[in-house]
Every structure is written in C-alpha cells, then in structure tokens.
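I opened the notebook to look up a few things in one structure. The entries follow in the order I made them.

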Amino acid sequence: MPTFDNPSRDADELAEAARGLAYATRQIETPEDTYEVLGSLHLTLSRVQQGLQQLAAWHERHAPFAATDDGDRAAGHDHAVKAGGWLSIAAASTDQVVQLVMKAHSENGHIAWHPEPAPTRPVGLAEALAEREETLDPEPPASGHTSQSTGLTR
C-alpha cells in the first residue's frame, strides 16, 4: 500500500508491482485486459516522469547542503547538480515513452478480440514501422530525400 510520504518505501513498492506486472504479462488469458493494462502503464509512466522531475528539482534545491563522504562540500555540490541534471534528462526522455504507450493504448482501444485467429496481413509490420518512423521523425529531411527503407515492401 502506498504511504504517500515515504518515497523509499513507495519506490520499493513500485519496483515490486512492476516485477509482478512483468511476470503477469508473460501470458494474458483475457485479451480485453490489455486495454486496461496499457492505460495503467501510461498513467504509471506519467507518474514516474513526475517523480523524476521532482527528484531533479530536489537535487538542485539541496545542492548547497551536499558533501562527499570525506566532507568535500564543493564536490558534493557538483554531484548533486549533476544528479539533478541527469534526472532532468531522464524525465524529458521518458516523455517519448509515455507518448508511445499512449498511442499503443489508443490503437488497442480499436480492437475487438475474437476467439479464432484471422489470416494475417504480411504488410502489417511494414505499416507499423512506417508509422513508427513518422512518429519519431515527423519532419522529412531538408534535402528532400525520404527516410531510408526498412527493407520491407508493401
């Protein structure tokens, strides 16, 4: 159960919950559950991003109080500032993951799962890769050339 005031215990609980989810998603018995799982993952990743932002800000605010184990305050300050910088980068980097999971959640919301498989379309992977490239690099190169081929044909 979250404490809402003990970040160390709550982080440990999040790690255990993530472990449980990793184990549980090895096999999914009810396909419809994937929609709820993706929604919860999106929300969790957004909250992790917020936690990273808050930890970055905390390190920056508390850098004047930092020291190394041997008492070097200048080095401690530098380490705190660097930790805050890395956490800021991690939070910014998480934004892409949050957006990609949101897109997957949205796509999953359009699926009506059937008990029997349908014939697959071999171009599905190429379409997914093309859309992924557009999502990650929405602007065409300035030279007018198109993105390199994935080697898959449509």
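**Confidence first**

I started with confidence, since this is a predicted model. In the protein, helix H2 (residues 33–62) has the highest confidence, at a mean of 98, and helix H4 (residues 124–136) has the lowest, at 73. I then looked up the average for the protein, which is a pLDDT of 88. I noted that 84% of the residues score at least 70.

Next I went to residues 144–154, where pLDDT stays under 50. The model has 13 contacts beyond four places in sequence for this stretch.

**Glutamine 49**

I looked up glutamine 49 and found it in helix H2. Is glutamine 49 buried or exposed? Its relative accessibility is 12%, so glutamine 49 counts as buried, the cut-off being under 20%. I left aside its neighbours within four places in sequence and listed what glutamine 49 is in contact with: Ala91, Thr94, Asp95 and Val98.

**Histidine 105**

My last entry is on histidine 105, in helix H3 (residues 73–108). Histidine 105 has a relative accessible area of 18% and is therefore buried, by the cut-off of under 20%. With neighbours within four places in sequence left aside, histidine 105 is in contact with Tyr35, Leu38 and Gly39. Which backbone atom does the side chain of histidine 105 reach? I found that it is the backbone oxygen of tyrosine 35, at 3.1 Å.

Technical notes. Residues are numbered from 1 along each chain as its sequence is written. This is a predicted model: local features need pLDDT of at least 70, side-chain atom pairs count only at pLDDT 80 or more; totals for chains, interfaces and linings use all residues. Side-chain values use heavy atoms; hydrogens and water are left out. pLDDT is the predictor's confidence in each residue, from 0 to 100. Helices (H or I, at least four residues) and strands (E, at least two) are DSSP runs, numbered from the N terminus. Contact means heavy atoms within 4.5 Å. Buried means under 20% relative accessible area, exposed over 50%, partly exposed in between (1.4 Å probe, protein chains only). A polar contact is a pair of N or O atoms within 3.5 Å; within protein, one must be able to donate a hydrogen and the other to accept it, and residues adjacent in sequence count only if both atoms are side-chain atoms.
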